[in-house]
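Please examine the sequence and the three-dimensional structure shown below. The paragraphs that follow lead through it step by step.

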Amino acid sequence: MVLAVGVGSWGWWLAALAAPPSAVVMAGLLVAYSLGVGWGSVVPASAGVSVAIALVVTFDIFPSFWPDNLPYKYWAYTVLALWAFSVALVCLLARVGHRLQQSKSPYRRTGQITVTVGLLLMLWIGTRIYQSQGLS
């Protein structure tokens with residue numbers, strides 16, 4: 001449940017930051033990669049998250065709902081929290097991926113595909129929730 005809400009919030013923040021559709025696809029690929037590889041995905045996925053956060057900082061990308069008169073340090077704290085949350089989510093994805101790989105069930109591959117599709121659906125739902133709120 002935590003994983004589904006976390007991936008959904010990734011979608012919400014991607015939509016809030018007006019990320020291009022390719023960024024949402026990249027996030028989806030990161031989810032699928034982390035679930036497929038397990039613990040071996042932590043370093044490359046964390047690097048991908050760090051690059052995305054660096055782009056947000058470099059280009060001063062703010063969501064449309066962010067007040068103009070709020071001190072910049074609060075945006076810096078928010079971006080730092082997003083980075084920490086994303087790295088924790090990458091570790092959780094890797095843990096779940098590792099457990100799915102270790103499963104002795106004859107339906108292990110079906111379970112991996114089901115979890116991956118469910119999380120990709122949550123990513124898409126997260127983007128739609130933001131767009132339906134009318135904040136963009």
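Predicted model: local features only at pLDDT ≥ 70, side-chain atom pairs only at ≥ 80, totals over all residues.

Is F62 buried, partly exposed or exposed? With a relative accessible area of 33%, F62 is partly exposed. On this scale, buried means under 20% relative accessible area, exposed means over 50%, and partly exposed lies in between, with a 1.4 Å probe and protein chains only. Residues are numbered from 1 along each chain as its sequence is written, and side-chain values use heavy atoms, with hydrogens and water left out.

A pair of aromatic rings is described by the distance of the centres and the angle of the planes. Rings of Phe, Tyr and Trp (for Trp, its six-membered ring) pair if their centres lie within 6.5 Å; planes under 30 degrees apart count as stacked, over 60 as edge-to-face and the rest as tilted. The structure holds 10 aromatic pairs. Helices are DSSP runs (H or I, at least four residues), as are strands (E, at least two), and they are numbered from the N terminus. Y72 is partly exposed, at a relative accessible area of 44%. Ring pairs join W12, W13, F62, F65, W66, Y72, W75 and Y130 into a cluster.

The loop between α3 and α4 also contains D60. Most residues other than glycine have a negative phi, and most peptide bonds are trans. D60, although not a glycine, has a positive phi of about 45 degrees, and D60 is partly exposed, with a relative accessible area of 40%. A18, in the loop between α1 (2–16) and α2, is not a glycine but has a positive phi of about 55 degrees. A18 is exposed, with a relative accessible area of 65%.

How do the helices α2 and α4 meet? The axes of α2 (residues 21–37) and α4 (residues 72–102) come within 6 Å and cross at roughly 45 degrees. Axes are lines fitted to C-alpha atoms, for helices over the stretch in contact, and angles run from 0 to 180 degrees between N-to-C directions. Angles under 35 degrees count as roughly parallel, over 145 as roughly antiparallel, 65 to 115 as roughly perpendicular and the rest as oblique; α2 and α4 are therefore oblique to each other. From α2, the residues L30, V31, S34, L35, G36 and V37 meet V90, L93, A94, V96, G97 and Q101 of α4. These residues divide into 8 nonpolar, 4 polar and no charged. Here Ala, Val, Leu, Ile, Met, Phe, Trp, Tyr, Cys and Pro count as nonpolar, Asp, Glu, Lys and Arg as charged, and the others, Gly among them, as polar.

Two serines complete the picture. S34, in helix α2, is buried, with a relative accessible area of 0%. Leaving aside residues up to four places away in sequence, S34 touches S41, A45, L93, A94 and G97, where contact means heavy atoms within 4.5 Å. S86 lies in helix α4 and counts as buried at 8% relative accessibility. A polar atom of the S86 side chain lies 2.9 Å from the backbone oxygen of L82. With residues up to four places away in sequence again not counted, S86 touches W10 and V49.

Terms used:
Polar contact = N/O pair within 3.5 Å; in protein donor to acceptor, adjacent residues only side chain to side chain.
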